[in-house]
Amino acid sequence: MTTLDDGVTGVGRPGDAAYKAATRTFNLAAEPAPAAATTARTVQDVQAALRYARDNGLGVRTHTTGHAAGTFGPMPDALLIRTDLRGGIELDLAARTARVPAGAVWGDVVAATSPYDLVSAHGTAASVGIVGYLLRGGISCYGRELGLAPNTIRAIELVLADGTPLRIDAANEADLFWAIRGGGGGFGVVTAVELALFEVPAVITGASFWPVAEAAKLVPMWRAWTVDAPPAASTSLRVLNLPSVPGRPAVLSSGPMLCLDGVVLSRTSDLTFAKSIYEGLLGPLRAVAEPVFDTWHEAGPGEVPQTHMDPPNPVSATGDHMLLDGVDDAAVATFLSATGAVAPLLAAELRQLGGALAVPDDSGGVLNHVGAQFLYQCVGSAVDPGATAAGRARAAEVRAALAPWDTGRTVPCFVGSFGQPQGHLDSSQVAAVERVRRRVDPAGLFAGD
């Protein structure tokens with residue numbers, strides 16, 4: 001193993017401890033296989049790693065937690081840099097911003113901000129890394145009120161291919177700041193992000209579960225509610241086939257379940273308006289069918305990452321994703337017909353969009369809004385080849401069934417695999433982004449990223 005600078009970290013080749021540490025991923029079914037790998041804990045580590053790549057004729061790829069490892073392309077001639085920058089989260093309470101080093105996960109950010117009744121535009125899973133989520137179009141638990149997560153970035157710190165460190169924002173390298181927010185990789189190694197924070201003293205959050213046999217009555221009611229739902233509410237509906245695990249209520253693993261979860265936020269400590277939204281959503285559904293398990297409650301923002309019950313530990317998974325529009329009762333019936341028996345999928349989800357997510361932000365990046373009605377995603381087990389094949393086959397069946405409502409567009413951080421159909425930019429945006437990429441990386445060091 002070749003050590004970098006003071007020996008704090010190093011470049012590993014296959015078989016080395018440094019290689020194993022740098023290539024570990026949350027999705028165990030998609031472990032990358034680069035020519036070499038390293039973990040960077042300082043900006044100097046990043047610069048040294050880039051020198052190593054240039055000196056050894058390697059391209060450069062980056063990741064943090066590997067939640068999106070299924071979308072990684074082959075990297076046999078690349079150095080993979082796992083960013084795990086030190087320094088901690090720095091809050092500016094007056095400005096309502098947070099500087100977050102690459103390597104931090106959203107649970108870290110929530111823990112830092114929630115004591116001050118402040119939230120970031122974080123997603124459903126506490127274990128996801130901030131950088132990939134933000135730059136790939138993250139959709140927040142508060143997204144319908146706050147907009148697309150990349151729009152909340154106020155500045156980005158990165159190291160260019162030649163080793164130059166930069167801090168970019170709307171006034172400094174504005175074209176790069178625009179392109180990197182949604183334009184894909186290939187611009188540099190991000191080392192920190194400055195985020196806007198928002199005052200949210202209280203929320204109503206939780207999940208209701210029913211046997212999937214109730215879905216035909218409940219899901220059309222939820223869909224109708226989403227048409228005019230206030231932006232303060234962000235919800236998702238899932239058909240689940242959950243395995244039995246210690247600590248999970250047994251009823252949730254008793255058969256296919258329908259789950260409605262979400263967040264209703266309040267910008268003040270008075271929850272009167274939030275309660276009216278919550279009661280307008282859940283009251284009619286509970287009148288039709290009483291949930292077998294229900295966790296909705298008033299809470300502080302620190303509890304929100306537990307709502308969606310995303311797995312906290314690494315898993316072996318495969319998945320698929322589409323953006324859907326024109327979803328009517330026929331589409332709901334098709335979704336339920338295709339996913340109602342859910343197995344071999346673990347989950348099939350319709351996530352409510354609209355609100356601020358659909359509004360273009362003039363100060364945002366190249367990906368600054370999502371115009372579709374719903375985000376669809378599914379997850380299947382990939383613990384062995386048989387399970388992987390079965391999950392992919394069912395996902396393909398669902399994709400075919402939902403084709404009439406498929407917009408052909410995607411949100412990058414929800415894409416399930418490298419080979420999945422995807423597209424979030426039009427041809428003029430792609431060309432504009434590529435011009436920026438060629439300017440900052442003329443030799444194409446990051447071309448595969």
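In which loop is Met 309 found? Met 309 lies in the loop between strand 17 (297-299) and strand 18 (317-324), where helices (H or I, at least four residues) and strands (E, at least two) are DSSP runs numbered from the N terminus. The structure is a predicted model, in which local features need pLDDT of at least 70 and side-chain atom pairs count only at pLDDT 80 or more, while totals for chains, interfaces and linings use all residues. Residues are numbered from 1 along each chain as its sequence is written, and side-chain values use heavy atoms, with hydrogens and water left out.

Let us begin with the chain as a whole. The protein chain has 11 helices and 20 strands, and its radius of gyration is 22 Å, close to the 22 Å that the globule rule gives for 449 residues, so the chain is as compact as a globular protein of that length. Here the radius is taken over C-alpha atoms, and the rule is 2.2 Å times the number of residues to the power 0.38. The C-alpha trace spans about 65 × 55 × 45 Å along its principal axes. Of the 449 residues, 54% are buried, a word that stands for under 20% relative accessible area, with exposed meaning over 50% and partly exposed in between (1.4 Å probe, protein chains only). Among contacts (heavy atoms within 4.5 Å) with a separation of 6 or more, 73% come from residues 24 or more positions apart.

Another strand to follow is strand 14 (residues 233-240), which is mostly covered, since eight of its eight residues are buried. In a regular strand the side chains alternate between the two faces of the sheet. In strand 14, Ala 233, Thr 235, Leu 237 and Val 239 point one way, Ser 234, Ser 236, Arg 238 and Leu 240 point the other way, and all are buried. Strand 14 pairs in the antiparallel sense with strand 15 (residues 257-266) over eight bridges, and it also pairs in the antiparallel sense with strand 19 (residues 345-352) over five bridges. Arg 238 has Cys 259 in strand 15 as its bridge partner, whereas the partner of Val 239 in strand 19 is Ala 348.

Cys 259 leads on to the cysteines. A disulfide is a covalent bond between the sulfur atoms of two cysteines. The structure holds zero disulfides, counted as pairs of cysteine sulfur atoms within 2.5 Å. For Cys 141, the nearest cysteine sulfur is that of Cys 413, 12 Å away, and for Cys 259 it is that of Cys 141, 13 Å away. Cys 141 is buried, with a relative accessible area of 10%, and Cys 259 is buried at 0%.

Finally, we return to the loops. Met 309 has a phi near 55°, a positive value in a residue other than glycine, and Met 309 is partly exposed, with a relative accessible area of 35%. Asp 117, in the loop between helix 3 (106-113) and strand 8 (118-119), has a positive phi of about 60° although it is not a glycine.

How values were computed:
Two strands pair if DSSP finds at least two bridges between them.
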